[in-house]
Amino acid sequence: MIDELYSARILKLAANLPHSGRLAAPQGTGERAAKLCGSRAVVDVVLDDAGRIDGFAQDVKACALGQAAAGVLGESVIGASVEEIAQARDAMTAMLKSGGAGPEGRFEGLRALKLVADYPARHASTMVAIEATLDAVKQALARKTPDTRTSLAGAA
């Protein structure tokens, strides 16, 4: 069963980490770590005027499963909204913990990690990149909100 977990698809995703590194001037940064294994992800984002990801970089130090999840995320995250990322996180959690089908839409590729459900010790490492991304986007949105209120108040 462990051989199935580390399939050629998973290993290919793990080896290809789109948007690797850090952004020079992020609007938001999120960091998550899996306590059990030490997998870690630091994610930087820049949002467009609609609050969607326009710039993205990730520094991920994780096992093959965490790297694979980060690979799928990196392939699909540009243009995503906080709602899409939260839905993907929730669907991923349901897939790992309660037999859910997994994410749909732009993050459907995360379904490749469905077999991780049988290995609870690997759940946290599989989630670090998406959790860090969600944290980064929320931070960026929080920073943008005061600017929006100021410009709306000035227009009134």
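In which helix is the place of E84? E84 is placed in helix α4, where helices (H or I, at least four residues) and strands (E, at least two) are DSSP runs numbered from the N terminus. The model is a predicted one, in which local features need pLDDT of at least 70 and side-chain atom pairs count only at pLDDT 80 or more, while totals for chains, interfaces and linings use all residues. Residues are numbered from 1 along each chain as its sequence is written, and side-chain values use heavy atoms, with hydrogens and water left out.

The chain contains 5 helices and 3 strands. Read from the N terminus, the order of elements is α-α-β-β-β-α-α-α. Of its 156 residues, 43% count as buried; buried stands for under 20% relative accessible area, exposed for over 50%, and partly exposed for values in between (1.4 Å probe, protein chains only). Contact is taken as heavy atoms within 4.5 Å. Among contacts between residues at least 6 apart in sequence, 61% join residues at least 24 apart.

In soluble globular proteins, nonpolar side chains tend to be buried together. A nonpolar core is defined here as a set of buried Ala, Val, Leu, Ile, Met, Phe, Trp, Tyr and Cys residues joined through side-chain atoms within 4.5 Å. The largest such core comprises 40 residues, and V45, I53, I85, F107, L110 and L113 have the most contacts inside it. At least two residues of this core are supplied by each of α2 (8-15), β2 (40-47), β3 (53-61), α3 (64-76), α4 (82-98) and α5 (123-155). Helix α5 gives the largest share, 9 residues. With neighbours within four places in sequence left aside, L110 is in contact with A69, V72, M92, M95, P103 and I130.

The strands form an open sheet of 3 members in the order β1-β2-β3, with antiparallel pairing. Strands β1 (28-33) and β3 stand at the edges with a single partner strand each, so one side of each lacks a neighbour in the sheet. On average, neighbouring strands of the sheet are turned by 15 degrees against each other, direction ignored. Two strands are said to pair if DSSP finds at least two bridges between them; β1 and β2 pair in the antiparallel sense over 6 bridges. E31 has V42 in β2 as its bridge partner.

A41 lies in strand β2 and counts as buried, at 0% relative accessibility. A41 and V60 are 19 residues apart in sequence, and their C-alpha atoms are 4.3 Å apart in space. Not counting residues up to four places away in sequence, A41 touches G30, E31, R32, D59, V60, V128, A129 and A132.

Helices α2 and α3 have axes that come within 7 Å and cross at roughly 70 degrees. This makes α2 roughly perpendicular to α3. Axes are lines fitted to C-alpha atoms, for helices over the stretch in contact, and angles run from 0 to 180 degrees between N-to-C directions. Angles under 35 degrees count as roughly parallel, over 145 as roughly antiparallel, 65 to 115 as roughly perpendicular and the rest as oblique. The crossing of α2 and α3 is left-handed, the near helix being turned anticlockwise from the far one by less than a right angle; clockwise would be right-handed. Residues I10, L11, L13 and A14 in α2 meet A64, L65, Q67, A68, G71, V72 and E75 in α3.

L13, placed in helix α2, counts as buried at 3% relative accessibility. Leaving aside neighbours within four places in sequence, the contacts of L13 are Q67, A68, G71, V72, E75 and A112. In the loop between α2 and β1 lies H19, which has a positive phi of about 60 degrees although it is not a glycine. H19 counts as partly exposed at 35% relative accessibility.

E131 in helix α5 is buried, with a relative accessible area of 15%, and touches R32 and R89, residues up to four places away in sequence not being counted. E84 is partly exposed, with a relative accessible area of 25%. The C-alpha atoms of E84 and R52, which are 32 residues apart along the chain, are separated by 9.6 Å.
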